[in-house]
Amino acid sequence: MTLRFMIPEATIARVRESINLAELIREHVPTLKKRGRNYTACCPFHQERTPSFNVNPEMGVFKCFGCGVGGDAFKFLMLTEGLTYPEAIKKIAGRVGVTIEEEKSEAVTAEVKEKQVLYGLLEDAAKFYHRYLLESNEAAVARDYLAKRGLMAESLVKFSIGFAPASGGGLRDAAGKKGWSIEILEKAGLVRRRDGGRVSDAFWNRIIFPIWDTQGRIIAFGGRAMGDAMPKYINSSETPVYSKSRHLYGLFQGLATLRKGRRVVILEGYMDVVTCHQFGLDITAATLGTALTEDHVRILRRYADHVTLLFDPDAAGANASLRGGELLIADGFNVDVVTLPDGLDVDEILVRDGRALVDDYLAKATPFMDYLIAEMQKKYPGMAPETKLTIAREVLPVVHKIKDPLLQDEYLGRLANALRVEKSILGQQMKRLKLTPEERFSKTTTEAPKKAPVSSLLSIEEEMILLTLHYPSEEVVGVLDPVTWQDKRCAEVWQAVRTKAAAGALQLSEVLPGLIEETQEWLTPLSLQERQVPNATAKAQELAASWRRQKEIREWLELKVEVESMIEGRIPHDLQKEKSYHDLSRRLKGSKTDLNIVREAPLHG
């Protein structure tokens, strides 16, 4: 089938409009108090003494500025009661007296509609695999294997672990009987076209591990081979709802605990995570066949401040710890590393020795910088001057990324002690790293082009979005519509809100579900900022004029850099660009501050 029966967007909007978000949240957070247009309290998702949890009933959103969690009424129930998105909608609908009648939705964009269909298909596939593991005779070997690995029935259910039939067509045939087309199965990564056009299951004769996103939706699968088949593990191919570099296995199941403790342990494998959760270590998650990426780091920032890396005790595991640790350090995380003995995986230790031993390893984790120094000394043994220089060149860039100056100074001292050199010498060496890549390059070659500074254009755009959210009207939209948005997030939000804003009826919680997750995380706290504007249309005109001015300044700066490079002989002369530069200079003449002081404007002035 090409469409899945779903809750119509109009019904979801009616449910959302009917619920008082402050009243709903106060049932879970009795200390919620009104402060201006917002309500505040200590966050229910992590421990804190000073209230940083904010609720705006007008916008229909909540946000904690401490742990980063935020969303609408449905998201709140999903987090506090462990409901899925449809379950949360239905629960609130029952509370406010809205009847849910599932039908084919025509009120969503093609992209959103396609994703909704894929989520429904993937959920069906997970149920098929799980039922096949529990009930089929063919899966007896897989059940025995999982039992020998120490997994209990409760864990199989919690993680919906399943089994893919060895025939290579079991899922394809079962899905076909339910009306799913080959085209949508292929788009979901569940089937593949072989040589000659034959279509077969993507997973066969494998134990299946469903992969969830942080909103509790199944988005992909991982499969472990039975016997000696290779590769041992395979994951779903990338799809419109799944990218392996942006998701972590087991993260969703541990969100409630993560938010309270703000600590996560990153592992390598599915079995490690499932077994850890079985033993109560539900602060664990795993990468999906990749090293940690910047996208992973951004996701982790929402839920944790402290990350422990616990990878396999081999060369590949050590390299993964080094790469991941450097990314995390640069983002301000507290990072440490656990190296397990005896070449065992964490799930094997838990089953053999119990949780107490793993807890002991975690308590004795090595701070990442100490681990990095030790690994470099193993890689480059000896104390020859050239060896010390090599180690310093490997470690100093990471020390330089540490944001806390006290910690940076501490680890600079530890590196100095390890290399038996003066800390001041290492400090001088590190100062050279404070140059930008462009500056370092320009000191070594005459061919490096200069780069213009960043302007305050994007901050103005955020203020324009904020004005539209608080004061939606046809006049405001008319003033801001000609803006060619430079910030991709602002552009996405503008496309989502402009029609509703022009009609004067805009509730942010209606818009959020249609935005990508990163944009949701950015927009929610932005919307909670308060603005008192006597004349919204006049303010929109003022912001639009500032935007145009800053755009011209940005263009002038970029041209200035190019013209200077032409004069210095770095690039060929371009008469048209020189003319544009001089025209802009004359137009901007007299605005000395604008031309000479270009810096990032505060987001909320």
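**Figure 1. Surroundings of T40 in the predicted model.** Leaving aside neighbours within four places in sequence, T40 is in contact (heavy atoms within 4.5 Å) with T31, L32, K33, R35, F53 and N54. T40 belongs to strand 2, residues 38-41; helices (H or I, at least four residues) and strands (E, at least two) are DSSP runs numbered from the N terminus. With a relative accessible area of 13%, T40 is buried, where buried means under 20% relative accessible area, exposed over 50%, and partly exposed in between (1.4 Å probe, protein chains only). The model is predicted: local features need pLDDT of at least 70 and side-chain atom pairs count only at pLDDT 80 or more, whereas totals for chains, interfaces and linings use all residues. Residues are numbered from 1 along each chain as its sequence is written, and side-chain values use heavy atoms, with hydrogens and water left out.

**Figure 2. The largest nonpolar core and I161.** A nonpolar core is a set of buried Ala, Val, Leu, Ile, Met, Phe, Trp, Tyr and Cys residues joined through side-chain atoms within 4.5 Å. The largest such core has 110 residues, and those with the most contacts inside it are Y129, I161, L190, F221, Y249 and F368. Helix 5 (residues 110-135) gives the most to this core, contributing 10 residues. Residues up to four places away in sequence being excluded, I161 touches H130, L133, L146, L151, S155, L156, I207, I208, F209, P210 and V274.

**Figure 3. Q529 in its loop.** Q529 is placed in the loop between helix 25 (517-527) and helix 26 (536-567). The residue is partly exposed, its relative accessible area being 24%. Between Q529 and H470 the C-alpha to C-alpha distance is 9.5 Å, although the two are 59 residues apart in sequence.

**Figure 4. The whole chain, as context for the close-up views.** The secondary structure of the protein chain comprises 28 helices and 16 strands. Along its principal axes, the C-alpha trace spans about 85 × 75 × 60 Å. Of the 605 residues, 49% count as buried. Among contacts between residues at least 6 apart in sequence, 67% join residues at least 24 apart.
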